Amino acid sequence: MRAVTIAAYGGREQLAVTEVADPEPAPGEVVVRIAAAALNRMDTFIRQGLTGPGVRQPRALPHVLGAEGAGTVVDVGTADTDLAVGDRVVLYPGLHCGRCKYCRRGQHSRCAHYGIRGEDAWGTQCELVAVPATDVLRIPDDVTFEEAAAAPVGYTTSWTMLVTAGRLRPGERVLVVGASGGVAIAAMQIAAHSGAQVLATTRDPEKARRLAELPFVHQVIDGAAPGWCKEVLAATDAEGVDVVVDSVGAPTWRDSIRSLAQGGRLVVCGATGGDTPDVSIRELYQSHRQIIGGPFGGWDDFQRAMEFMFRTGASPLVHAALPFEEIAEAHRIIEEGEHIGKVVVRPS
Ligand SMILES: [Zn+2]
């Protein structure tokens, strides 16, 4: 089969579309013919062989990239499943043992054997993927493969942060920091659908203009302005917001925490801008504020988040859908931060 591979770590010139062996389904696995696979910032880290927080090197090269994928079931093998050949499906991106107490509770991302497809095993940017039948979810006919492939990481992570860990309540105010990628878009949609007033920061004037046009965004804050938390306070009757979603990290935590109301929660799923922030402990406890980790969730969060998307018609905003052959351009869009929403690639 054809696949997006890297044979060595490095720049975008290392990306290639090559022939690799078809997957052999293990007991309990089904084979899915991929129609669309989405990119994440993680893809660009893996391509470079980076080993930052949560980003490990793949075990062997060549490696097939891609955490997210959607397509059609072509073989159910020996799996005990009600899936049938021809079913349109989306894949849960997490790898897990399936047997421990966390896996049995649907909290797969807490499993000792937890990993991410495309990082700790071959990924989805190829023609055929063998996955446990229990990691496959049917999608409605009116959801496109591109939308389904673009949804799992953003919606599941946002669901974990805002609903499971952040315990978002109707009528609260939510601020999404550095709003442009799949997690940010999903977080704003989930918050808005729960009745929250949604604010977003971006450092890019063009992105600010596009964010302001989205129906679920109440106000856009200039994230390039020093002390931008003042603008958040001005927009919220000096009260601040109840929840901040921050995946930037060190550069934004100070303003994020100062944007929080009394008892507000900072929910965190990443630190792409730096891992060791300068934080005032007094600013936390004296205002009853909390910092909550909410990384990518388990099957339970994935299923609820995808059902949210199917039920509400929310879209992950596919910024670009390109053929595998343009994978270098897909990486460029993400590395240069051009996108609002997700970048998707297709086998043909
Ligand atoms: Zn487990």
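**Helix packing, strand pairing and domain division**

The crossing of helices α4 and α5 is right-handed in this predicted model. Two packed helices are described by the angle between their axes and the distance between the axes. For α4, which spans residues 152–165, and α5, which spans residues 182–193, the angle is about 50 degrees and the axes are 8 Å apart. On the α4 side, the contact is formed by Val153, Gly154, Tyr155, Thr157, Ser158, Trp159, Met161, Leu162 and Val163, which meet Gly182, Val183, Ala186, Ala187, Gln189, Ile190 and Ala191 of α5. Divided by class, the residues of this contact comprise eleven nonpolar and five polar, with no charged residue.

Helix α4 also packs against helix α10, formed by residues 299–312, at an angle of about 105 degrees and with the axes 8 Å apart. Because angles from 65 to 115 degrees count as roughly perpendicular, α4 is described as roughly perpendicular to α10. The residues of α4 that take part are Pro152, Tyr155, Thr156, Trp159, Thr160 and Thr164, and those of α10 are Asp301, Phe302, Arg304, Ala305, Met306, Phe308 and Met309. The contact of α4 with α10 holds eight nonpolar, three polar and two charged residues. Tyr155 and Trp159 of α4 are listed both in the contact with α5 and in the contact with α10.

Among the strands, three form an open sheet in the order β2-β1-β4, with antiparallel pairing. The edges of this sheet are taken by β2 (15–19) and β4 (63–64), each of which has a single partner strand, so that one side of each is left without a neighbour in the sheet. Strand β1, residues 2–6, pairs with β2 in the antiparallel sense over five bridges, and Thr5 is found opposite Ala16 of β2.

Further antiparallel pairing involves strand β5, residues 68–75, which is joined by seven bridges to strand β3, residues 29–38, and by three bridges to strand β6, residues 88–91.

The peptide bond that joins Leu61 and Pro62 is cis, with omega about 5 degrees, and Pro62 is placed in the loop between α1 (41–48) and β4. Ala238, a residue other than glycine, has a positive phi, near 65 degrees, and is situated in the loop that lies between α7 (229–235) and β14 (241–246).

At the level of the whole chain, the protein is divided into domain 1, which consists of residues 2–151 together with 315–346, and domain 2, which consists of residues 155–293. The C-alpha centres of these two domains lie 28 Å apart, and the contact between them takes 13 residues from domain 1 and 13 residues from domain 2.

Conventions. Residues numbered from 1 in each chain as written. Predicted model: local features only at pLDDT ≥ 70, side-chain atom pairs only at ≥ 80, totals over all residues. Heavy atoms only, no water. Axes fitted to C-alpha atoms, helices over the stretch in contact; angles between N-to-C directions. Helix = DSSP H or I, 4+ residues; strand = E, 2+ residues; numbered from the N terminus. Left-handed = near helix turned anticlockwise from the far one by under 90°. Contact = heavy atoms within 4.5 Å. Nonpolar A, V, L, I, M, F, W, Y, C, P; charged D, E, K, R; others polar. Pairing = 2+ DSSP bridges. Domains from an automatic or database assignment. Parallel < 35°, antiparallel > 145°, perpendicular 65-115°, else oblique.
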